[in-house]
Amino acid sequence: MMQADLIVIGAGPAGAAAALAASEAGLLVVLLDEDASPGGQVYRAPPAGLSVAPDTRGADERAGDALREAVAASAVVWKGGARVWSISGAFRVDAVTAAGSESFTAPRLVAATGAHERLVPFPGWTTPGVIGLAAATILLKSQGMVPGRRTVVAGCGPLLAAVAAKIVAGGGAVAAIIDLSGPGDWLKALPAMASRPDLLRQGLGWALKLGAACVPVLFRHTVTAVSGGEACEAVTVAPVDAEGRPTGGRSRVFAADALAIGHGLVPGSEIPKLLRAEHRFEPEAGGWAPVRDAFGRCSVAGLYTVGDGAAVAGAEPARLSGRLAGLAAAQDAGRLPAHVSAREAGEARAALDKALVFAGAINRLMRARPAMVEEIAKDTVICRCEDVRRGEIEAAISAGAREINQLKHFTRCGMGPCQGRMCGETAATLLARHVGSREAAGYWTGRPPLRPVPLADLLGEFDYGDIPVPNPAPL
Ligand SMILES: Cc1cc2nc3c(=O)[nH]c(=O)nc-3n(C[C@H](O)[C@H](O)[C@H](O)COP(=O)(O)OP(=O)(O)OC[C@H]3O[C@@H](n4cnc5c(N)ncnc54)[C@H](O)[C@@H]3O)c2cc1C
């Protein structure tokens, strides 16, 4: 078992910055990620053997290269392809790696595991060809593949334009962009977005590309159904009000073999939940978020949480919050004089406050719209792993389920391989309608495994024949 001063889980902008800051201060840092290369979601590297055409390389690719070079040039012990499935004590981390099962231990731990997608179910959402909007970025970045020949891109926030523009650049057709927000919502966001001229320019570049490709944009619309059965064939959309509730206006049907759809991001705080850190419901952070100080220190001693896994805010706030936690971990370990830490943290803090202005505007566009959940039909699947429909959830609530873990026990909703990452938001929103609030509905209790892992990987060379058979007791 490897002993370190600090373990960082997640090598996106947040985790990489935390690891680098703590390592520069002299801590022995292990950085683990299930991906083969550092970069996280936004700076994802193409897999070995695939390269990105030079003319399609943009700011994200350059920032990703810089991040990977910085990690490679540092003293950080990088463990790529390490899927963390269990954390116990303070702190033992178990991961499945190419070498089998490996364990690491350190008195301090940074959880920087990023966000996951919010997707409000609708009839046909489990049809092959329907994928998450953020998941589409993985397909586009890691494999250079478009989701289909003709894709409808739907949901909310800037990923709509980012994904649609990448599909067009990749040679695919975008049938339409279906945006929950209205033009007025985007106009309201403009002043805050102007605080990051580079990102605003990037967004305008996407808009121009989509305009040149004559991609129709339907504002204040949502997807109401996907038809096709075995594969996506058509996507029906209808107008909605500001809360995502259908207005009863004329619906339209787009022929398409793919739909990329997402309704915002939720902090992926499974590690703080597993370690029983205190959480608080923060709608502006994306949902349930670990209670943390300005440096990411949680209620559990030695545990820090940063980036989108703590509060959804995007790449630059993730990097800066990671740096703050790295400095704090070094200071808490007695390896960084307080005055040095205060100076460096002051700079990072000021930059973070500035970056959060942009993030706030984006988060308002990507906010949850509980009214959409109210509209879900009784026979629509909510938990696709365990095939639990809305009607079954309502029946369990009527039978007395008053908290999300009770609902899980009654229905098996959230018990499948995704462990509630897909259905959790919808199930809790449905429950909140009956128990009064998301706070009252609660959140899933964190349990290992954090990620599904094959038992064979944990057992290694195990053979039943190797178990010593004790001598039979004398009669
Ligand atoms: C699917 C997805 C795609 C996105 N695409 C974009 C995009 O294209 N552009 C954009 O601006 N924003 C994108 N975002 C938003 C993005 O999360 C942030 O902008 C930014 O990447 C957050 O940085 P982070 O370091 O907090 O987390 P991330 O960048 O998400 O990094 C978290 C890292 O933790 C690792 N991890 C998580 N759990 C484990 C575990 N149990 N074991 C080992 N490793 C683990 C993941 O592999 C990941 O590399 C995306 C979000 C999601 C969920």
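In which loop is Arg-276 found? In this predicted model, Arg-276 sits in the loop between α7 (270-274) and β19 (279-282). Its phi is positive, at about 60 degrees, although Arg-276 is not a glycine. Gln-419 is another non-glycine residue with a positive phi, here near 50 degrees. Gln-419 belongs to the loop between α12 (404-411) and α13 (424-435).

Cis peptide bonds also occur in loops. One joins Ala-90 and Phe-91, with omega at about -10 degrees. Phe-91 is placed in the loop between β5 (83-88) and β6 (92-97). Another cis bond runs from Pro-448 to Pro-449, and its omega is near 0 degrees. Pro-449 lies in the loop between α14 (438-441) and α15 (455-459).

Helix α9 (residues 338-365) packs against helix α5 (residues 183-193). The two axes come within 8 Å and cross at roughly 165 degrees. An angle over 145 degrees counts as roughly antiparallel, and α5 and α9 are therefore roughly antiparallel to each other. The crossing of α5 past α9 is left-handed. From α5, the contact draws on Asp-185, Trp-186, Ala-189, Ala-192 and Met-193. From α9, Val-357, Phe-358, Ala-361, Ile-362 and Leu-365 take part. Nine residues of this α5–α9 contact are nonpolar, one is charged and none is polar.

Helix α8 (residues 315-332) also packs with α9. Here the angle is about 160 degrees, and the axes are 9 Å apart. That makes α8, too, roughly antiparallel to α9. The crossing of α8 and α9 is left-handed. On the α8 side, the contact is made by Glu-316, Pro-317, Leu-320, Arg-323, Leu-324, Leu-327 and Gln-331. The α9 side includes Ala-338, Ser-341, Glu-344, Ala-345, Ala-348 and Arg-349. Also among the α9 residues are Ala-351, Leu-352, Ala-355, Leu-356 and Ala-359. By class, the α8–α9 contact has twelve nonpolar, four charged and two polar residues.

For Pro-13, a polar backbone atom is 3.3 Å from an oxygen atom of the ligand. A polar backbone atom of Ala-315 is likewise 3.3 Å from a ligand oxygen.

Note on methods. Residues are numbered from 1 along each chain as its sequence is written. This is a predicted model: local features need pLDDT of at least 70, side-chain atom pairs count only at pLDDT 80 or more; totals for chains, interfaces and linings use all residues. Side-chain values use heavy atoms; hydrogens and water are left out. Axes are lines fitted to C-alpha atoms, for helices over the stretch in contact, and angles run from 0 to 180 degrees between N-to-C directions. Helices (H or I, at least four residues) and strands (E, at least two) are DSSP runs, numbered from the N terminus. Angles under 35 degrees count as roughly parallel, over 145 as roughly antiparallel, 65 to 115 as roughly perpendicular and the rest as oblique. A crossing is left-handed if the near helix is turned anticlockwise from the far one by less than a right angle, and right-handed if clockwise. Contact means heavy atoms within 4.5 Å. Ala, Val, Leu, Ile, Met, Phe, Trp, Tyr, Cys and Pro count as nonpolar, Asp, Glu, Lys and Arg as charged, and the others, Gly among them, as polar. A polar contact is a pair of N or O atoms within 3.5 Å; within protein, one must be able to donate a hydrogen and the other to accept it, and residues adjacent in sequence count only if both atoms are side-chain atoms.
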